[in-house]
Amino acid sequence: MTCHEVWEEMNSLLSNPQTKFIRNYSRSIDMSPSTIAPNEGYTVETELFPVEALKVYSAYNLQDEIEEEQRKKYFSAHRGGSQGDYREGMKDKIANVVDCLRRFPSSKRAVITIPNTSKPNHESDDDAKCMREIHFYLDKDEGCTSTTTSGGSKMKMNLNATVWMRAQAAEIFPKNIHFVGSLMERVAEGIMSESISVEIGELFYLATTLVSVRED
């Protein structure tokens, strides 16, 4: 399924007034960007999340610099608040995953953990991060090689991932999936070398509790 199809399905499943939530919602999602419009693969534009807002939130959570005007324009509690703030230490976490997969391409240890405390204060949104963990793994794109500038062969790999959300509001899914896609892109860029080409591929997505709108 594409990201947009998953978002539509979430809304459809939750459209019944009797369905307050869904437990253990999971889907395999194609994250590969469109050849016509790069990043379209994980960009789901909505009224709440126009494309610029998605880009600003993803840049912030990747620990990139953003303009204060952008923060004032797009950041709000309705769009996720501190529960969706994954910025702390993210550059170091990405570097650690990149180092892992460059040195050990078949590793099962390329993991980014989001929560920054093992004993959260349950009255604090800061301690209630929605995204909990994401695992990255490289899979060989069988039969696919390309030629390097020096004439040698270049192995093509797919960067796939598994992400676990403790909770997901369907209306916030566009922001979260854009960040996950941007994060996968950033890791892939770090792994690429003269002998390895990396493209993002499939995401196994799991939300323990799926709801329609953010309330808690």
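## Strands, helices and an aromatic cluster in a predicted model

At 0% relative accessibility, Phe49 counts as buried, where buried means under 20% relative accessible area, exposed means over 50%, and partly exposed lies in between, as computed with a 1.4 Å probe on protein chains only. This is a predicted model, in which local features need pLDDT of at least 70 and side-chain atom pairs count only at pLDDT 80 or more, while totals for chains, interfaces and linings use all residues. Residues are numbered from 1 along each chain as its sequence is written, and side-chain values use heavy atoms, with hydrogens and water left out. Helices (H or I, at least four residues) and strands (E, at least two) are DSSP runs, numbered from the N terminus.

**Aromatic rings**

- A search of the whole structure finds six aromatic pairs, and rings of Phe, Tyr and Trp (its six-membered ring) pair if their centres lie within 6.5 Å, with planes under 30 degrees apart counted as stacked, over 60 as edge-to-face and the rest as tilted.
- Phe49 and Tyr57 form an edge-to-face pair, with 6.3 Å from centre to centre and 75° between the planes.
- Tyr57, which is buried with a relative accessible area of 5%, also forms a stacked pair with Phe75, at 4.4 Å centre to centre and 5° between the planes.
- Because Tyr57 lies in helix α2 and Phe75 in the loop between α3 and α4, this pair ties together parts that are 18 residues apart in sequence.
- Phe75 is partly exposed, with a relative accessible area of 22%, and ring pairs link Phe49, Tyr57, Tyr60 and Phe75 into a cluster.

- Helix α2 (residues 51-61) is mostly covered, since eight of its 11 residues are buried, among them Leu54, Val56, Tyr57 and Tyr60.
- The buried residues of α2 pack against α3 (68-74), α4 (90-103) and α5, and α2 is followed by Gln63, whose phi is positive, near 70°.
- Ile66 lies in the loop between α2 and α3 and is buried, with a relative accessible area of 18%.
- Not counting residues up to four places away in sequence, Ile66 touches Val56, Ala59, Tyr60, Arg71 and Phe75, where contact means heavy atoms within 4.5 Å.
- The C-alpha atoms of Ile66 and Val56 are separated by 6.9 Å, although these residues are 10 residues apart along the chain.

- Strand β1 (residues 22-30) and strand β5 (residues 196-211) pair in the antiparallel sense over eight bridges, and two strands pair if DSSP finds at least two bridges between them.
- Within these strands, Ser26 stands opposite Leu206 in β5.
- Strand β4 (residues 153-169) runs parallel to β5 and is joined to it by 13 bridges, with Ala169 standing opposite Val211 in β5.
- Helix α5 (residues 173-191) has 16 of its 19 residues buried, so α5 is largely enclosed by the rest of the structure.

**Lys129**

- Lys129 has its place in the loop between β2 (111-113) and β3 (131-147), and at 8% relative accessibility Lys129 counts as buried.
- The side chain of Lys129 reaches the backbone oxygen of Asp85 at 3.0 Å.
- Leaving aside neighbours within four places in sequence, Lys129 is in contact with residues including Ser82, Asp85, Tyr86 and Arg166.

Terms used. A polar contact is a pair of N or O atoms within 3.5 Å; within protein, one must be able to donate a hydrogen and the other to accept it, and residues adjacent in sequence count only if both atoms are side-chain atoms.
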